[in-house]
Structure formats: C-alpha cells, structure tokens
Amino acid sequence: MMKKQLLMLFVVFALLAIPLLPTAAQDQVTLVVWDNYVRDAEQAMIETLHAQFEAAHPGVTIQRESYETSDLTTLLPRALSDAGGPDVAMINQGVANMGALVAANLLLPLNDYADQYDWWSRYGMGLHARNSVVADGSRIGSGDLYGVSNIAEVVAIFYHKDVFEELGLSIPTTFDEFEAMLPAIKEADYTPITFGNLDAWPGIHTYGAVLHSYSTPQQIDDVIFGNEGATFDFEGAHLSAAKFKEWIDAGYFSNGFEGMDNDVAAFGEFANKESAMWLAGSWNSGPIIASLGEEAVGFFLLPSAIGAETPYTIGGIGLGYGIRATSENPDLAAEYIDLMTSSDAAALLFENDYLPAVAVDPSVLTEGTLTADLVNAWNTISSGNAVGHYLDWTLPDAGARIQELAGGVVTPDEFVANMEADYMALP
Amino acid sequence: MSRVVPGSTQNGATTFASSARAASLRRSSRTLLTYVILVVFLLIALLPFVAIILTAFKTPLELRDNPFSLPQVWHFENFTEAWEGARFAAYFRSSVIVVIPVVIISMLLSTMSGFAFGMYRFPGDNILLLVILLGLMVPFEAVIIPLWQLMGDLGLRNTYWALILPQIALSFAFGTFWMRANFKNMPTELIDAAVVDGCTTWGVLWRILFPLSRPALLSLVVLLFMWTWNEFFLILIMASGDQRTLPVGLALLRGRYSANVPVMAAGSIMLFTPVLILYAFFQRSFIRGMIAGALKG
Amino acid sequence: MDSAFRRPFQAYLLLLPGLVIYALFVLLPIVSTVRYSFYDWTGFSDPTYIGLDNYAELIRDPDVLKAIGNNLFFVIFYTIIPIVLGLFLASVMSRGRLKGMVIFRTGLFVPQVMSAVVVGIIWRWLFTLDGPINTLLQAVGIEPRAWLGDFVFAPYAVGAVGTWVEYGLCMVLFLAGVQNIDEELYDAARVMGANAWQQFRYVTLPGLRQQIVVAFVLTFIAALRVFDLVFVLTNGGPGKQTLVTSMLVYEETFERNRAGYGAAIAVMLAIIIVVVSAAVFRYQSRQDAEMV
C-alpha cells in the first residue's frame, strides 16, 4: 500500500517534469528593458519597434519584461541595484519613486543624451520638469533629467455618443452644465459616471478630477513639488470634497462603486453601455476602441468649476524611460530610448489608439474619432499650461483617505484636515 | 483518558430496551442529516471552483450571465492562450524546477533534524528548536530585502537557487516541527527491543522508525508541496522573467488580461490542478499522517 | 530515552546540514532585519543609524495600532471559527461508516490547497454587487451590498474568506485525531446514555486536545501573518479597514521605501507571535504534565 503510494508520488513528479525543456542560448549583447506595456493590445506595437531596433543593431538582443505599474515600482529599486538588472526601465515619477532612486544613485542623468538627441524638443520643458529630480532626490520639478516619456495622459471623461444623443445632451462647456446632466442621465436609468474604487487608486483620478476643477495650477503644483507655504487646506479642496460627496450621495457614480474593481467591473459597465460616462485615464482608449470601435465613444475635459479658460486637468506624461546608473551599455540604452520616444514610435502609438507625448501631425487626425478627441484634449491642456498631477505622488495615503470620504466615514472638511495632516507629516 | 461521563446514566437501561425499529429509524434519519450537513459544506467549498472552471471555457461577454450556466461554446483556446500567450508553459516549468528540489531536500533534512530532536536529548536542544521555530513566526515581507542582498553577495541572484534555498530553509523549520512530533510518538518498547537485539542506530532508523514514519512523511510531502507551489511573495521579489512561478505569473496577468477573465480562470486551473491531484491521491495517508505530526506538537 | 540515542554528537551531526541552510537563508536575514530596524533606510541606499527612533515612532503610529487590531479581529475568522467548524465537521464525519467519505474529505479540503491569488480572483468576483453572493442573499430578502468595499462589512467579508481557507486544515487535523480515539470510550459513553453532544463534550473534545493546540498555533500564526489574502482581496481598504500588520510592513518597505521602519514593525509582530505561541505551548505541556 505504502509502496504503491510512494510510486504514485514518483509518477506525479515525473509527470510534472514533462514540460521541462532546455532554454535558449545567450546572444552577444543583451539589452534588458523593463516597461509597463502589459496589455494585450500593446504587445505587437512594442515588438515592431524592437524588431526595428534589433535590425539596426546586429548582435543585440532586447530582453523585455513587462509589469503592471505597481509591480514595476515595487521591484525596480532592487533590480536597478543589481548587475543583471534592466539597462532601460520605465520609472514612475514622484519623490517616492524617481526621487528615491536618484537619491540612491541608481539612475543615470540623461542631460547629455538629451542634448545629443535633442530630446528637449520632444515636448514642453514644463513636462520635462516632471522627469527631473534634484541631486539629493528630495524634490522633483527641477534638477537633472532622469526619464523621457512617450505616452501622454489625460484623466477626463469618456462618453457614449449615442447615449448623449438619445438623451439630447451635448458636451458641457461649463461645470454647471456638466452637473445639470447628471440627474437627467440617472433618470434615464443609465449610471451617469462609471467609478470602481475597490483598489483605492481610481479615487485619486475621480476625486482628483473634481479637485483639479476647483483648483488653480499653482495650488496643486505647490503641493506636489513641495514649494514654500504649500498647503492642502485651501478652499478648492473643501469645495471639491463636498461636491464629490454630494454626487456620491445623489447616486451619480456606479452603484456599489466601493466594491467594484476598475479593470474588469468598471470597464465592463462602461463597455456594456450601462453608464453614459467614465471618468478615467486616456490610456483606456485602446481597450475601449477594441471593444466599441473608433467612433462610438468620445472624450471631453471636465469643465472648470472656478471659471478657468482651460480646464485644469490631471494628466502628464507616462512613466519615463530611464537608464540604470551601472548599465554596461548606456549608449545603446540611450539609442533605445531615442527610438521609443521618436516621432516614428509616436505614429505607431497613435495608430494603436494611444496618445503619444510627442505632438501628433494634425493631418493624420480623423474628425469624430476617439483618438482625435484625445489628441485635442491633450493639446488643449498642454498648450494651456493646465496639466495637473496625481495626488499620490506626494500623499501615499490619498487613496485610503478618498475611500474614507466616499464611504461617509469622514465629512468633507475632516477629509481635507486629514490630508493636510498627512501632508504636514511628510519628511 | 479516565473521565466519567456525568448525568443521564439513570435511564441507560430503558433507552437500550426501546424498540429496535425506532432506533434504526433514528439512525437512518441521523445519517440523512449527516449527509445534508456534509453536502451543504461541500457545496460551499466547491461551488466557487465549479464557477471558475466554467468561466475558463467562456468568452468575456458571457461573464455577465449566471456564473453556473454552461458556456455556449466550450472555448478551449483560453487554455492555449494562457499556456502560450501568457507564458504559462515557462512558469509551469519554473514551478516544477523549484518545487521538486525544495520538497525532496526539505524532507531529507527535516527527517534528520526531527529524528535528532525527537529521539535524542542533547545540550541546547530546546534553544535550538526555538530558534528553528522562529522562522515560522517572523513576517517574511521584512526579511525579504536582506535575503535579496544575501543572494547578491553569494552570487546566486537570478538563479533558481535564490528561489529554492530560502524555501528549503523555511520548509525545514516546519518539517522539523512536524517530524520531531512524529519521532516523539514512536513506541519506545520496539526500539528498546531492537537495541537489545543488537541493532545499530542506523538499523533502528531504517528498519523500524522509517517505516513507521511514512504516514507523517507523506503528509509532510503534501503540505510542503502545497505551500511551495503556492508561494507568492518570495518569488515576486526574487524572480524575474521566465524564472517566475505560476502564482506570480498569474498575478502579473492582472494587467494584461484584465478584461479577459476567462484566460485568468484558465491560468488558475493550471495553477491548482497539480496540488489537487496530489492531495486526492494521498488524502487517506495524508490524514493518517496528520496524527503523527500533530501529537505532542 | 534509550541507550542508542544518548550520543549528542550524532544529534548535532544530524542537525548540521539543515541548520546550515536555515541559518544562512532564514536566520541571517532575520538578524539583518533586526539590525535594520535601528536604521533609517530606504531598502536600497546607505542606512543611517537612528537608535530606537523607529520603535518610538511605531508605538505612536495609529496605523500600527489599527493593523494589529485588525489582525486580532481576524483571529476570530482564521482561528476560532475554523476550529469550531473543523470540530463540528470532524465529529459529523466520524460518526459510523458513511459512504462517499473520500469525496467529502477531499472536497472539503480543497479551499486550503488553493493559491491565495486564485482565492482572490474567485472571491472578488463572488462578492461583487451583481455577483452570486448578492444574488443568493437577495433571494432570502437581504439587500445587496458591495461587501469588500463596505466600511462596516469588508472586514467580515475578508474574514469569511479566511475561514473558508483555514477550516480545511483544522478539519483534517481533527479527523486524524478522532481516528485515534479509542472506540471503546464512545461505547462506554453510549451505554451510560450520553447523547451526541455529551459524547462530543466528554470523549471527542478531550481526545483532540493536542490537535486543537496545534491547530490553534498554526492558524493563529496565519492570522497574525496574513498578507496574500488581504493583498488580493482589498489591498487593505476601504480606508484602512482591512489593513493588517504584514501589509503595513509591505507598504512601508516597498511602497514608501522606509525599509528600516518596516523592519521595526515586523520585529514587533514577530515578538507578539513568539510570545503567544510560547504561552500556548507552555500551557499545553503543563496540562500534559497534569494528565500523566
């Protein structure tokens, strides 16, 4: 009996060993790249660019690893201190990420390469500031350049055109118009705004959008860059928190948003046209177009609640490509970054329904498509100096705090007080 | 065990005398109740898996239907997609490369240490045991960075050893705890008799103790296999690329297939099937072995 | 102890290979962790010695208190309920010879063999607003709610999943123990007219005392060290309602790059676990001594 079982055990192990196959041999030069292009739709695009690079550099193999942004952030500090770590990696902005890496001397300053390849002209200097860190890593916004991005981000509103048509709605030009739409949509049995906050970070986008609408760029810049006299306790913070809570209580967000995850449930609700709008990042355009096509969905900016000409909107440039300080092939890495952030790559990104950081040639835009809306939205905020920030760049507890506000555990004023206390407690 | 059952002794005789028919009726209704209870619990334990198995064959659009409805068409390609597209073949291979040495070496080492702690008395034994049990009590999230540095110092980073050795060390801690209890429960009369007959230490170990320990060893195999196979955090931090094992591979799918739950479900099935098969094979001796490990913990 | 096993040298020799690996890959990192808990350290830069500052901060940190409180709350779901359920199922299954026991024994243990990642995927979906659990509850007239995102109910929802995972281990331990109880004791109890509850109370329960201690220690450690399950279910939310200590260690170490502070929290948690486990084992050996 026992013998038979031991034999069985052996058989199980033997069966498990079947998929063991020898691994491929190594090439001459391997460029290790870590990025956050994990989505299915992004694979072909990246592989095309990699094929170009490898064709232009015989003997070079690119070894790529893709991680969700949160995993990337967790793993990078150690990977960058390892000799076998990535030569090129996408670095998240902010003091806690890029700042800490710079402080530990893990990243190569890119200024010389930026001069050589003229990366400075890829997009505005205000945006390069986001990938710049002072030498001791304590502040972002100035200092040397440590990353170059190829994606632009705008957090605003995707909407179903036919639902708007059915309800006789048009794109709102003022905050009041926007607010007036919400009860009308709800009455017609659509969820006005899709919102799935189980993982806490979507609140940083959704509440953050309302906050930006009530703020001036100076107020949020001060908080994020840690400028003299910065405070979270300003009027717009109070008003936006109260407005956000008011919308929640009125049922303008998804039913059960607190238990909905973003990627499956929230996306599903919007894609199934159970809601009229989704306040979300422009990077969701790929999956949206993949399931609904180019023309069914449009994109507009949440109008300013304080009457600003250009709506102040969360956005920026995506994670920046940086180079490991101890990389043995920094020149090759720089060439790689040059390709990935080039206008060729931008054209390819655009073709694949992404919003490139490099300006898109207006002639390729087709009026009435979602991608055209995205490009217009980005051009509006970047030329209008109205590109905002993600709160968790400096306030790591922001997600949990916003959940408390949304769950009604704290009043809007208490929420602002807690955020301010967190901010003041920062080192 | 010498406790006396108090109360309700006075009517023992009358109960005994009541009609046999009533008794058998009561027995069969009790059996029925037992089955009802067990079936309810079985449903709670298994229905989520039925749902996930059905999901693995559906299209993303069918997810909004009743989770227990059958797929309109059985989509086996979700499995192909997970196996090839999501690199599960590589992760599976890696899982196997890690789990086999971890289980085999830990079994060997903890049998030896369990034997030492169970059968010998030696200076410092209690302290040593405490030090070994410490490994089961410290939250690993903090230890992982020093461990990562250590692997760099030893030149083992980015090798399978970085995944295997720490898991052997952790399994050794639990295995020692388990096998020590096993050896403590060995019948001393048998050993004494063998020693009187001139058996050597090795003879006693191989001819008497080892056969008696097989249930405990088998249950330890199942437990260690299960824990090593499912290990997540250590692998997330220590492994990269194709060295990642199935649980980490599955977790990393979150982004990539966020809108394609069926592929994730197919991946989940690949992850839990081997453990399930192992347990189903060995469940009888596994349970028998749990006695040995649990006594005199 | 018998004469053959009195030579300590042999014992040391048997222990040596395992101990070397253990010392190198578990003990040494633990010692480093303790050392780093006295430093200000990002986890990848040069550490600065700050004495007991991390510990001074820790005792005043409301998050630490909240997290430990949540861990203790989870003891109910990870330890107490699984032990009660395990006892119940083991005694139900051990009554007489029933057909199909293999199926029940295998099936009921299944949740325990699942990777936390799979458990997370399944239960996140089961708990959604239009998910199966709410559909079921609606049938009996309970209002649907977003369980995992609810400030009141999220801890219970996460706890329930913990119970679902842990009861299998307790059940199997007790099933093994029940088989070891002398059948004559039950016969004697029956002859004396003991009903099912009395048989359980006076025969099964005392017979399983050692298994209960082991189950308690294992599940208690699991409740205090829980990480994966919370990570995949709620990530500590909503707010900090399901934040547990290991999760805080993770956040401080990996998200906020405060590895020194994370190490201090981990050391504190380890001390709590060691003290409680030692107390339980000591209590058991004292009881053993009394029984003899």
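The complex is a predicted model, in which local features need pLDDT of at least 70 and side-chain atom pairs count only at pLDDT 80 or more, while totals for chains, interfaces and linings use all residues. Residues are numbered from 1 along each chain as its sequence is written, and chains are lettered from A and ligands numbered from 1 in the order in which they are written. The predictor assigns the complex an ipTM of 0.86 and a pTM of 0.87.

**Confidence in chain C**

- Chain C has a mean pLDDT of 88, pLDDT being the predictor's confidence in each residue, from 0 to 100.
- In chain C, 95% of the residues reach 70 or more.

**Domains**

- Chain A splits into domain 1 (29–152 + 317–356) and domain 2 (156–315 + 378–424), with bounds that come from an automatic or database domain assignment.
- The centres of these two domains of chain A, taken over C-alpha atoms, are 28 Å apart.
- Domain 1 of chain A brings 17 residues to their contact and domain 2 of chain A brings 15; two residues are in contact if their C-beta atoms, placed from the backbone, lie within 7 Å.
- On the domain 1 side of that contact in chain A there are eight nonpolar, six polar and three charged residues (Ala, Val, Leu, Ile, Met, Phe, Trp, Tyr, Cys and Pro count as nonpolar, Asp, Glu, Lys and Arg as charged, and the others, Gly among them, as polar).
- Chain B is assigned domain 1 (13–55) and domain 2 (87–294), and 36 Å lie between their centres, again over C-alpha atoms.

**A helix pair in chain A**

- Helices H13 (residues 285–292) and H16 (residues 370–383) of chain A have axes that come within 11 Å and cross at roughly 160°.
- H13(A) is therefore roughly antiparallel to H16(A), a term for angles over 145 degrees.
- Here axes are lines fitted to C-alpha atoms, for helices over the stretch in contact, and angles run from 0 to 180 degrees between N-to-C directions.
- Helices are DSSP runs (H or I, at least four residues), numbered from the N terminus.
- A:Ser285, A:Ile288 and A:Ile289 of H13(A) meet A:Leu370, A:Thr371 and A:Leu374 of H16(A).
- Four of the residues in this contact of H13(A) with H16(A) are nonpolar, two are polar and none is charged.

**Chain C against chain B**

- This interface takes 86 residues from chain C and 83 residues from chain B.
- Helix H1 (residues 8–36) of chain C supplies the largest share of the chain C side, 17 residues.
- The chain C side comprises 59 nonpolar, 22 polar and five charged residues.

Conventions
Helix = DSSP H or I, 4+ residues; strand = E, 2+ residues; numbered from the N terminus. Parallel < 35°, antiparallel > 145°, perpendicular 65-115°, else oblique.
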